[in-house]
Amino acid sequence: MSPFDVIVVGGGINGAGIARDAALRGLRTCLLEQGDLCNSTTRWSSRLIHGGLRYLEFGELGLVHESLQERENLLRNAPHLVRPLPLMIPVYENSRRGMKTVDFGLYVYDLLSIGRSVPGHRRLSREEALEEMPGLLAEGLIGAVVYYDAQVTYVERLVVENALGAALAGARIETHTVVEKVLLERNHVTGVEVRNTRTGERSTRHGTAIVNAAGPWVDRILAVAGRPLPRFLGPTKGTHIVVRPFPGATATACYAEARSDGRPFFILPWNDLVLIGTTDTRCDDDPATLRATEAEIGYLLDETRKTFPACGLTRESVLYTYCGVRPLPRQGLKETAAITRRHLIRHHGRSARGLSSIIGGKITTYRHLAEEVLDQVASRQRLTARSCTTAEIPLPGGEAGRDEVLKELATFTAVPGASHEHLYAVYGSRAPLVAALTRAAPELGQPLCASSGALGAEVVFAVQAEFAVTLGDILLRRCMAGLGPDLGRGAIAAALSVAARHLGWDDGRCRAEAAAYLAEIEPLRLLTPS
Ligand SMILES: Cc1cc2nc3c(=O)[nH]c(=O)nc-3n(C[C@H](O)[C@H](O)[C@H](O)COP(=O)(O)OP(=O)(O)OC[C@H]3O[C@@H](n4cnc5c(N)ncnc54)[C@H](O)[C@@H]3O)c2cc1C
């Protein structure tokens, strides 16, 4: 295999974004991901594309401005994935942040989002707030403020589309391929040693610029470089719970202040369910083995009950949980909320020339991060690269609007109308490519399960056109059937039957995939109380 200009380690949002930008600039690019695309931090986030109102309290005006500009870029370039979201901040007599503070914060927020396409904020009286969000705790309520940010319901798809965009521009995408060693000659990187985790096969990828975008594993990549490189991370854990819509939950999200500790937390309408989070505690545990604790689940439930007294949520209401670690820069004993969410780019000039590491950051700002990384890498490595175009070019599914796509989907007789919105929300302008599979095999128009709208055709498409390998890749990170109330268990049989017929999976493979799928979703399920 000929050498690459840029090797990117890690297929989360940052790695995929960097690979796409590099390939679009004409650089020979390889993306290496130990599991599937988007299998870690990016997936365990609150899925907001936001300026980060909270960061204003820490004086991070630059970060808020950058995030708000990127929010606009995403609303324009990926309208099927990133959609405007109204949020309400209720203000109580005893709130830490009073009406004037919240209103002023949002005034600055609006100023920083110059050229925004979403409405500005508005103040609500107590009565207006209760009319818009009838389930809110009324006692002590002074009023509320409503403002707009955006939500990426299927952040997995944002990563997949970045990887696809990279591949369409010529990049090599290798999933289930772990980087085991960074190769160096006289303090210059020359490539990486990799192992395919499915076949066990070991090989080498050569290249003189390596970008370490391994998220919470950034320090581990530095450890396999065989040089005494510094450690950067001071991770914190964030947990979410997923419940069904409860009495009082609305299409407007609630950004509330926790009564017990004053921390802000979100109650978000998401995927026809409600996503509640997050916690923020220091954590040095292995990111791959994290589970939500009873204390974290209890905290989120308690605080939701205090905000929506009639919600009726109990531990049994929790459909599933998820948690991840923020790969934040190590910042001593600082309060976790005060640790910057800005990204840092570190070049290991002396001991490993050509190696750069990404620390921290947000999903929201991944595109700008990628642009900065590539500008720096191209200049340091003296690579001939075109300038960055990712702010202007739509993601692969963002090339046609919703109405146009729905109109085209209506021409496929084997695709049920009930699945049209699902296909647009997941694939955008690429949805007709999925639907086209039903022309030759109409049975692929059959739904995989009752709830998600996902079709058999998506199983085939995921493997043939979107780098999926396992059943987990297909259900959890391509067709999104795995994010429903039952975590996709209801789709397993139908998906395997399609894979057997159209992808040649034999009985043994189907049994192994079903078992691996159940093992993959196990950490999201509640432990039985002892
Ligand atoms: C609880 C929580 C809530 C958040 N909410 C938001 C939010 O609402 N909005 C927002 O903008 N941001 C949010 N963030 C921040 C955001 O999720 C992260 O900053 C971002 O996802 C980091 O992406 P990444 O690509 O760097 O890391 P990851 O997504 O973790 O990707 C790193 C990848 O590297 C791979 N990898 C590791 N080691 C190797 C190896 N040796 N070989 C090959 N591959 C390897 C991993 O498998 C992984 O897929 C949140 C974070 C958390 C934890």
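1. Helix H3 spans residues 99-112 and contains Phe-104; helices (H or I, at least four residues) and strands (E, at least two) are DSSP runs numbered from the N terminus. The model is predicted: local features need pLDDT of at least 70 and side-chain atom pairs count only at pLDDT 80 or more, whereas totals for chains, interfaces and linings use all residues. Residues are numbered from 1 along each chain as its sequence is written, and side-chain values use heavy atoms, with hydrogens and water left out.

2. Phe-104 counts as exposed because its relative accessibility is 53%. The classes are buried (under 20% relative accessible area), exposed (over 50%) and partly exposed (in between), with a 1.4 Å probe and protein chains only. Together with Tyr-107 and Leu-111, Phe-104 forms a nonpolar surface patch with about 350 Å² of accessible area. Areas follow the Shrake-Rupley method with a 1.4 Å probe, and for residues only the protein chains shown count as cover. Patches take residues with over 30% relative accessible area and no salt bridge; like charges are joined within 9 Å, and nonpolar side chains (Val, Leu, Ile, Met, Phe, Trp, Tyr) within 5 Å.

3. The structure holds 36 salt bridges, each defined as a side-chain nitrogen of Lys or Arg within 4 Å of a carboxyl oxygen of Asp or Glu. Side chains of opposite charge can pair when their charged atoms come close.

4. One of the salt bridges joins Arg-122 and Glu-132, at 2.8 Å from N to O. Arg-122 belongs to strand S5 (residues 122-125) and Glu-132 to helix H4 (residues 126-132), and the two are ten residues apart. Arg-122 is partly exposed, at 39% relative accessibility, and Glu-132 is also partly exposed, at 31%.

5. A further salt bridge pairs Arg-157 with Glu-466, whose closest N and O atoms are 2.8 Å apart. Arg-157 lies in helix H5 (residues 155-168), while Glu-466 occupies the loop between helix H12 (456-465) and helix H13 (471-477), so this pair ties together parts 309 residues apart in sequence. Both Arg-157 and Glu-466 are buried.

6. Arg-477 and Glu-520 also form a salt bridge, with 2.7 Å between the closest N and O atoms. Arg-477 is buried, with a relative accessible area of 2%, whereas Glu-520 is partly exposed, at 29%. Both residues belong to a salt-bridge network that also includes Asp-36, Asp-473 and Arg-478.
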